[in-house]
Each structure stands twice: as structure tokens, then as C-alpha cells.
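This report concerns the model shown below. Selected packing arrangements are described in turn.

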Amino acid sequence: MKKYLLKRLWHGIITILFISTATFFAMHMVPGDPLSSEKAITPETRKALEAEYGIDKPLFIQYGIFLKKTFIHGDLGFSYTNRNTKVNEIIANHFPVSAKLGLLAIFFATSGAIMWGAIAAKYRNKLPDYTSMVLVILFISVPSFVFASGAQLLIVKLNAATGWNLPYRGTDSFVSQIVPAMILGLGTMAFLTRIMRSSLLEVIHSDYIRTARAKGLSPKQIFFSHELRNAVLPVITIIGPAIAAITTGSFVIETIFTIPGLGKFFVQAVQQNDYTVIMGTTVFYGSFLVLTVLAVDIVYGFIDPRIQVEK
Amino acid sequence: MIEIKQVSKHFHLSKGRHIKALDQVSLEIHPNEILGLVGESGSGKSTLGKVLAGLHPKTMGSIKYKDETLPDNYSAKDFLRLSKEIQMIFQDPYSSLNPRMTVGEIIGEGLSLRKVAKKTIQEKVHAWLLKVGLHPDHASRFPHEFSGGQRQRIGIARALIVEPKFVICDEPISALDVSVQAQVIQLLQKLKNDFGLTLLFIAHDLSMVRHISDRITVLYLGQIMEIGPADQVFFHAKHPYTQKLNSSNPLPDPKREREQPTIQVDNSEIPSPSEILRGCPFASRCPHVSQICKTERPELKNIDNNHQVACHHLDKIN
């Protein structure tokens, strides 16, 4: 187990190095640099600033400095656009906000997907199945800002009509996060519903379900102790990457609901060529993804005894 | 013990067509006997087993167990009650055990849903593991850690732990190696004697069925062709289909095998059960076929006490 973990971590480090190298050079190939968005800047000032940030040096030297700072000192540097703010601080301040919202979204997505998938499979080729299929396509194909702004509008109208004071933005209370979390998890839920449905259909027709019936178990007992336990496995496979994607924040949802999460930094940094923030968020996201996938693989071993983590 | 009267099972296909997997089967199973059920693939053997276990609802007919008429379509309550009396051992020992449950959970589940105390279940599971030739330590392992023969033993233990009176063995050995087959057969015989079980033994290996059964029933396209004491059916078969089945079973002695008379039949595939059959189902392949065979269905006729054959030309053939 220990050997397996070390091996997986080693592979993870190589993956992250590869991701950051590719991002680093792709980023520098994009025309312009962090200073090109500065207003009316004299050549002298520009030179001084370039020297201060170290972007006057040859690219490979910059790359070496980046590697050393990031992977040896764990220092992601200062942001170009938010002066005096370290990228480490940005992540430390904004990631927890996104993560809280994201975990809630994952909770809605998986519980909803397991429920809907089970209903669709149980009523295969009947109305509930077709309804869920239509909804799934809708949730996957309609962009999240449509649902987000629609939901927000609905809350505001509802408040106006009833005199209630339901929160429609911000992160002041737990309640205010429920609607954004549901919308954030919508696409994942739709996708997982399909997976749950097909996996459950396969399990329902397997021989050991027939064995369970022969034992005298009621349909309800069979569903909870035999079918669900076996069908949920493929769903867990997808959850790993989904957790990484959702908990690191969504630009659209966080902007619409004014949630100060990490999501906007991914987008703003690219727009403004903010080199340090781009690299910092990329390395962070990559490491997080590698870790969640590893965690899922370990959880797998507990859930499915046939999959044995190498000793 | 079990009285099957005119039982039919139709499976519906698309466009209103259907398959008659069982066509008016009547059969009696006596207490404490092993009744062998043979027939080629698609003859309806497993369907009959599953109908008896309540896993398929029957289309027509009635089944009486002891003095009770069994329901056509089992409710959850019927299952709970009747699965304590009638149990089934399944064909494929690989796919019929839940891969995510330990062997102990698989074997003990039949008891735990009947609210037996945890400790009693554990003791019983251990006792049954020993009875089927496994070790009590195996209770905490998972099915994939066992071989086919061991898994079939687990399947046997899980069926018998509720102490049923009547057990349907649906080709319990067809997925196993020959040497393991013998072990499982011996185990079944021993358990049958120890617990006074009544068995319906479904198989397509004739010599194995003769070895274990008291009586043999031959099924073809969902209809009974011949039924009688095992040795009678095996050595003095009266129905041309049974004769063909017997002669296609190779003898281990090459000399005898060469001398064994071959019975000429049309070796084409078994006709599809979805075709509407009038007359004798075997008519399309029978060497003795005549006009009446194609239009009239032969009744099961007594040829001596408890040996019955369904054929129009019994006198001519034999």
C-alpha cells in the first residue's frame, strides 16, 4: 500500500510538471505580456518593471526560476494585476469559498443523480425515463448562466411577490449557497444520471439479483443492499475529476451570485496575461486533480473488493 | 410433494408473437426423490425450474406444493414464505453471487431477512461452510477469491441454509470441470440423504443425470416426451427423441461405441419455439414421422407403471 501510494504520488508529480511546462510555454507564446495592459507607460518605466518582475530574462531562465520558486520554495509569486498580493494568498483566501460551494454542489449532483438514475432505470422506457432523458439533455446543453440568472430572477420575483427575504447572492448564510450549489452541480448531475441509469440496468439483469430474489428478499431490500451497492461504482469513478473541476470554482456562477470564489481568477488571469496567477492556479488545479483521482482510486478498493490496491 | 398440472409459460416477443417455453407440462414430484430433467438447449428445462421457484410467473396451469396451490405471480410476501420451502441452486457459480458481499453475508442473508439473531446466523454459516467442504474462515472472503467448484458449494450452502424441503438444481455442474462435477454431485447426494430433500435436477449430461436421479423426465420444445425410472429411460428408451439423445451420448469404450446403433434423425437445429406447432414437436426431425404426427399432438401414454411416453407410433417403433 505504501509503495503503491509513493508510486502514484511520483506519477502525479510528473503529471503536474508536464502540465505546468506546457502551460508556461503556451502562455508566453500568447502575444502581449502582463505590462501591455498598463496605461501610457514610458519605455524607461517598462524596462524597470520588466527587470523588477524578471520578464526581461531569456525564457528558459524564467522557466528555471519558476520551477525553483514553485516546487522548491512553494512560492507562487506576486500577482501582476493585484499588486502586493501573493498568488498563494489568493488561493488560500478564495479556494475555501469555492470549495464549500463545490462540495455542496457535488452533494446535490450525486444524490440527485443516484435518485434520478434509479427512477429512470426502474421505469425503463416509460414516462419517468423519457422525462429524465429530456431533462438530462437540457441540463447538459443549456449553459449554466441561463439557469443561474433564471434562478436569481425567480428568487427576486418571489421575494417581491411574497415579501419574503430569500437571499439571491453573496455568501452570508448557508441558505444563500443552496441555489448556486444546485445550479453549479446541474451539469454533473445530468451526466451522472445517465451513468447511474445504464449501470443500474446492467446490475438489475445480472444473475446475482436473481439469486437475491430466490433468497426471498423483497424488491426494496434487493434495491438497497444489492443493486445500489453494485451500480454506484461507475458514478464514483467520475466523481474524482468532477470534484476537482467543481470545487475550484466556476467563473459564471460565482460572478452571477457574487460569490468571492477562485473561479474568476482563472479567467481574469488569462485575459490580463497575469503570468504568476495563471501558473499558480494551473499548478494548484493540477495537484488537486491528481490528489482527488488518487483518493477515488483508494476509496474504490474499499467499495469493490475485486479491485485490490497493489500491496 | 409437487404437482404440476398443465403448466405453460409463454414469453412475449415483439409484434404479438410469443415463445411457448413450456407447453402444458404435467408432472408429479414425489417426496424424497431426485427427478432428473433433461433436454437440449431451449427445451424449457431452466424455465420450468424458475417457474417452480417463482422467479418467472407462469402463463397457465397450476402448481401444488404439498396442499397449497402456488400463486401465479409471487408477491414479496409469497417469496419470503415460499423461499423457505423451495430453493434453487443456479447454473453459473460465477455470476450468481454478488461480487460486493462477503461469502458470510451471501450465505447468511436468507436467514438475516427472516430476523434470525446475528449470532445464530454466524454459527449456522460456519456450520454450513463445513458441511459443503469449505472452512469457516472463508466467511469473510469475497466470491472472486474462490474457484468455480468452491463457488458452487457457496451457492449450495446459501440455498440450503434456510432448510428448504424442495430444491431445484439448475444445471449446477455444467460450468465446472469434470473432476469437480463429481465432488459437487456427491455433496448434493449426501445433503439430500442427510436432510431428506426432494430434488429437481436439471442437466443436459444424460449419464450424470442417470447416475443421480430416481426418475428422468425428457423435455423437448417445452413438452414432456418421456418420463420414467432412470434406468428405464436410459437403457430402454421408448421415445425416438430419447433414443436419439441416448445414442448421441458417447460411450467410454470404443468397441461398444462403434457397435452402438446410430439412430437416423434429421440433425438440423431444434425448431424455434416461436413457430406455432401443431402435432408432435419432434415431427420435424423424427425418422418415424407420419401424417398424424404433424396434425395431432400425442398424449402421454402409460406403457407400464410410471413409465410414460408421448408418441403416436410406439408400437411401430419398439
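Which residues in H8(A) meet which residues in H9(A)? Tyr208(A), Ile209(A), Ala212(A) and Arg213(A) of H8(A) meet Ile222(A), His226(A) and Glu227(A) of H9(A), two residues being in contact if their C-beta atoms, placed from the backbone, lie within 7 Å. This is a predicted model, in which local features need pLDDT of at least 70 and side-chain atom pairs count only at pLDDT 80 or more, whereas totals for chains, interfaces and linings use all residues. Residues are numbered from 1 along each chain as its sequence is written, while chains are lettered from A and ligands numbered from 1 in the order in which they are written.

Helices (H or I, at least four residues) and strands (E, at least two) are DSSP runs, numbered from the N terminus. The axes of H8(A), residues 207–215, and H9(A), residues 219–231, come within 11 Å and cross at roughly 145°; axes are lines fitted to C-alpha atoms, for helices over the stretch in contact, with angles from 0 to 180 degrees between N-to-C directions.

The table gives the residue classes of two contact regions; Ala, Val, Leu, Ile, Met, Phe, Trp, Tyr, Cys and Pro count as nonpolar, Asp, Glu, Lys and Arg as charged, and the others, Gly among them, as polar.

| Region | Nonpolar | Polar | Charged |
|---|---|---|---|
| Contact of H8(A) with H9(A) | four residues | one residue | two residues |

The contact between the chains takes 22 residues from chain B and 19 residues from chain A. On the side of chain B, H2 (76–82), E6 (86–89) and H3 (103–112) each supply at least two residues, and the largest share, three residues, comes from H2(B).

H3(B) is mostly covered, with seven of its ten residues buried; a residue is buried if 20 or more other C-beta atoms lie within 10 Å of its own. Among the buried residues are Val103(B), Ile106(B) and Leu111(B). Their cover includes H8 of chain A together with H4 (118–131) and H5 (148–160) of chain B.

Chain B also holds an open sheet of four strands in the order E2-E1-E4-E5, with antiparallel pairing; two strands pair if DSSP finds at least two bridges between them. E2 (18–29) and E5 (68–69) of chain B stand at the edges, each with a single partner strand, so one side of each lacks a neighbour in the sheet. Eight bridges join E1(B), residues 2–12, to E2(B), where Glu28(B) is the bridge partner of Glu3(B).

How values were computed. Buried ≥ 20, exposed ≤ 12 C-beta atoms within 10 Å, placed from the backbone.
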